[in-house]
Amino acid sequence: MSFLNKCVLLFCAFWCVTITSFATQNYFGLNQVSFDGVDYYLRWSANSPANTYIEDFLPKNSPLTRFSEKFSIYYITNKSFDAIVKAKEDELTLAKQESQVNFFYRTNTKPTSDVIFDYFSELEQGGNVLVAQHSVFRYVKKGSHVLVFEWVQRSYSSISKFEKHVSKKRAGWVSEISKFKVPSIDIADSNIKCKNNQRERKKS
């Protein structure tokens, strides 16, 4: 098994545990987002590492650990936009060279300076494909922080059919995420609200 696949497998195991073990905190003030005609609802969040806030949104009634679609928002501070984008491109370039991703593309949007990556990967174990995944990332510079919007699709069967479907549709999905309306997010205000809510619950 490749190093990347091992990392993905460990991440999946970690995500399965953490997503069911911690209360969801609404850092961004968003309970729901809509993308490509589907509504996604807040199901999990984290502030780790310290400079990164993450929230995962899933379709209604979607399983937590074996989902087919997921929309995520990352809020990253204390790191430059160019450094974040370069790190992702370097990671994908190396993964492609080592045949750990089937393909990846970079799209620079205009008139904005947003950057979009999308790639297709497979997680194998014992020579069998456990899951295939298509990921689309949009990087947006917002003042002193960076927002990342990620849309993930997974298939647990009919992998070759899924890859052909992705190849035909990926350009449309990249266009769709480029048009996703960037929400107004203020982490400082959100944290104050969360702390105030916690105090109110303790008083009651």
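At what relative accessibility does Tyr105 stand, and what does it count as?

Modeller: The model is predicted, so local features are taken only at pLDDT of at least 70 and side-chain atom pairs only at pLDDT 80 or more, while totals for chains, interfaces and linings use all residues. Residues are numbered from 1 along each chain as its sequence is written, and side-chain values use heavy atoms, without hydrogens and water.

Tyr105 has a relative accessibility of 39% and therefore counts as partly exposed. The scale is this: buried means under 20% relative accessible area, exposed means over 50%, and partly exposed is in between, with a 1.4 Å probe and protein chains only. Phe103, at 11%, counts as buried.

The whole structure has 16 aromatic pairs. In one of them, Phe103 and Tyr105 are 5.4 Å apart centre to centre, with 50 degrees between the planes, which is a tilted pair. Rings of Phe, Tyr and Trp (its six-membered ring) pair if their centres lie within 6.5 Å; planes under 30 degrees apart are stacked, over 60 edge-to-face, and the rest tilted.

Strand S5 covers residues 103-108 and is joined by six bridges to strand S6, residues 115-125; the two run antiparallel. Strands here are DSSP runs of E with at least two residues, helices are runs of H or I with at least four, and both are numbered from the N terminus. Two strands pair if DSSP finds at least two bridges between them. S5 and S6 form a hairpin, with six residues between them. Pro111 is in the loop between S5 and S6. The peptide bond from Lys110 to Pro111 is cis, and its omega is near 5 degrees.

Ser99 follows H2. Its phi is near 60 degrees, a positive value in a residue other than glycine. Ser99 has a relative accessible area of 65%, so Ser99 is exposed. Gln100, in contrast, counts as buried because its relative accessibility is 10%. The side chain of Gln100 makes a polar contact of 2.8 Å with that of Glu98. A polar contact is a pair of N or O atoms within 3.5 Å; within protein, one atom must be able to donate a hydrogen and the other to accept it, and residues adjacent in sequence count only if both atoms are side-chain atoms.

H2 itself runs over residues 81-97. Its 17 residues should span 24 Å at 1.5 Å a residue, and the end C-alpha atoms are 24 Å apart, which agrees. The expected span is 1.5 Å times one less than the number of residues. The buried residues of H2 are Phe81, Ile84, Val85, Lys88, Leu92 and Ala95. They cover an arc of only 95 degrees around the axis, which means that they lie on the same side of H2. That arc is taken from the directions between the helix axis and the C-beta atoms. An α-helix has 3.6 residues a turn, so residues three or four places apart point the same way. Asp82, Lys86 and Gln97 are exposed on the other side of H2.

One of the buried residues, Lys88, lies over the face of Phe137, at 4.3 Å from the ring centre. The charged end of Arg66 sits over the ring of Tyr156, 4.0 Å from its centre. A charge sits over a ring if NZ of Lys or CZ of Arg is within 6 Å of the ring centre and within 35 degrees of the ring normal.

Finally, the setting. The protein chain has four helices and eight strands, in the order α-β-β-β-β-α-β-β-β-β-α-α from the N terminus on. Of its 204 residues, 44% are buried. Strand S4 has eight of its nine residues buried, so S4 is largely enclosed by the rest of the structure. S4 runs antiparallel to S3, with six bridges, and antiparallel to S8 (residues 145-155), with nine bridges. Tyr75 of S4 is the bridge partner of Tyr53, while Tyr74 stands opposite Val148 in S8.
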